[in-house]
Amino acid sequence: MKKLFTLCLFVFGLFLATNSAHAQQKFSAEINDAAQTKAIEFGRFLKADKATQESIFIAYQEFYAKSETLNNIYKKGTSDYTDLETKLNQRLLSQMDEALTDEQYAKYLELTDQSGNQE
């Protein structure tokens, strides 16, 4: 009886782990490809290491996923759309600021034509 109970707990644990792993793959292939392209592109221009490139990938993956959701929910040109778009862009900038060194971040702002938008 103990072994049966242990086996049931083990199977239940595997079930939970499988659902958790599946939830991490929630991004579409298009989003992953676009984020990977940006990570490689900026990684090359900014001379970033692998860990920094991974941070860039995650930032762009989130940005593209949330942008897709924004486009599906709100009509472009509305005030809600503009407000959320601004918040998404600020979130991306803050993630990039955290991931990059000061020199790399300044170069990133130049590459993305945002250097005039910052302090």
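Contact means heavy atoms within 4.5 Å. The structure is a predicted model, in which local features need pLDDT of at least 70, side-chain atom pairs count only at pLDDT 80 or more, and totals for chains, interfaces and linings use all residues. Residues are numbered from 1 along each chain as its sequence is written, and side-chain values use heavy atoms, with hydrogens and water left out.

**Exercise 1.** State which residues L100 touches, not counting residues up to four places away in sequence.

*Solution.* Next, consider the core. A nonpolar core is a set of buried Ala, Val, Leu, Ile, Met, Phe, Trp, Tyr and Cys residues joined through side-chain atoms within 4.5 Å. The largest one has 19 residues, and L100, I56, Y105 and Y108 are among those with the most contacts inside it. Helix α3 gives the largest share of this core, 6 residues. (Helices are DSSP runs of H or I, at least four residues, numbered from the N terminus.)

**Exercise 2.** Decide whether L70 is buried or exposed.

*Solution.* First, locate L70: this residue lies in helix α3 (residues 50–73). Second, apply the cut-offs: buried means under 20% relative accessible area, exposed over 50%, partly exposed in between (1.4 Å probe, protein chains only). L70 counts as buried because its relative accessibility is 6%. Finally, list its partners: L70 touches Y81, L84, E85 and L88, residues up to four places away in sequence not being counted.

**Exercise 3.** Identify the helix in which confidence is lowest.

*Solution.* The pLDDT is the predictor's confidence in each residue, from 0 to 100. Its mean is lowest in helix α1 (residues 2–23), at 62. Over residues 20–24, pLDDT stays under 50. Where pLDDT is low, the predicted coordinates should not be read in detail.

Note on methods. Helices (H or I, at least four residues) and strands (E, at least two) are DSSP runs, numbered from the N terminus.
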